[in-house]
Amino acid sequence: VQLQASGGGLVQVGESLRLVCAASGSIEDIHVMVWARQAPGKSREFVAQITDGKAPIYANSVKGRFTISRDNARKLTFLQMNSLKLEDTAVYYCQAQSPTAVAGVNNYWWGQGTLVTVSS
């Protein structure tokens, strides 16, 4: 599985961006897509997750402002980011997960990041 994240850029506080994660390769078994981010000097943190057949989940810091979704072909995963704040500045990464033969253990892949910079 290969993942390509895009859509980052420089925006001002309160503006919006939409990130896109394009998946290719053996994607038919992917059942979880995750967005995570890493701010300068900080550890990577969870942002949002979409799982087949389940409601999306979000970090408290982005709940109500960010929306994760997938296209019908399951090749694209989006992160719509509204009302951006200075603290949303980070490199954003997407991750794909597929199940293995061991219950509760997934294969996972990371894409390269896309930089989001929010300025005042």
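1. Accessible areas in this note come from the Shrake-Rupley method with a 1.4 Å probe, and for residues only the protein chains shown count as cover. On that basis the accessible surface of the protein comes to about 6,400 Å², of which 51% belongs to carbon and sulfur atoms.

2. The model is predicted: local features need pLDDT of at least 70, side-chain atom pairs count only at pLDDT 80 or more, and totals for chains, interfaces and linings use all residues. Residues are numbered from 1 along each chain as its sequence is written, and side-chain values use heavy atoms, with hydrogens and water left out.

3. The protein contains eleven strands and zero helices. Both are DSSP runs numbered from the N terminus, helices being H or I of at least four residues and strands E of at least two.

4. Regarding overall dimensions, the C-alpha trace spans about 50 × 30 × 25 Å along its principal axes. The radius of gyration is 14 Å, which agrees with the value near 14 Å for a compact globule of 120 residues; the radius is taken over C-alpha atoms, and the globule rule is 2.2 Å times the number of residues to the power 0.38.

5. Of the 120 residues, 40% count as buried (under 20% relative accessible area; exposed is over 50%, and partly exposed in between, with a 1.4 Å probe and protein chains only). Among contacts with a separation of 6 or more, 53% come from residues 24 or more positions apart; contact means heavy atoms within 4.5 Å.

6. The structure holds one aromatic pair. The ring centres of Tyr 93 and Trp 110 are 6.4 Å apart and their planes stand at 85 degrees, so the pair is edge-to-face. Rings of Phe, Tyr and Trp (its six-membered ring) pair if their centres lie within 6.5 Å; planes under 30 degrees apart count as stacked, over 60 as edge-to-face and the rest as tilted. Tyr 93 belongs to strand β9 (residues 90-99) and Trp 110 to strand β10 (residues 106-110), 17 residues apart. Tyr 93 is buried at 15% relative accessible area, whereas Trp 110 is partly exposed at 35%.

7. Arg 44 involves both rings of this pair: its charged end sits over the ring of Tyr 93, 3.7 Å from the centre, and Arg 44 also lies over the face of Trp 110, at 4.5 Å from the ring centre. The criterion is NZ of Lys or CZ of Arg within 6 Å of the ring centre and within 35 degrees of the ring normal.

8. Thr 51, in strand β5 (residues 45-51), is buried, with a relative accessible area of 12%. Not counting residues up to four places away in sequence, Thr 51 touches His 31 and Val 32.
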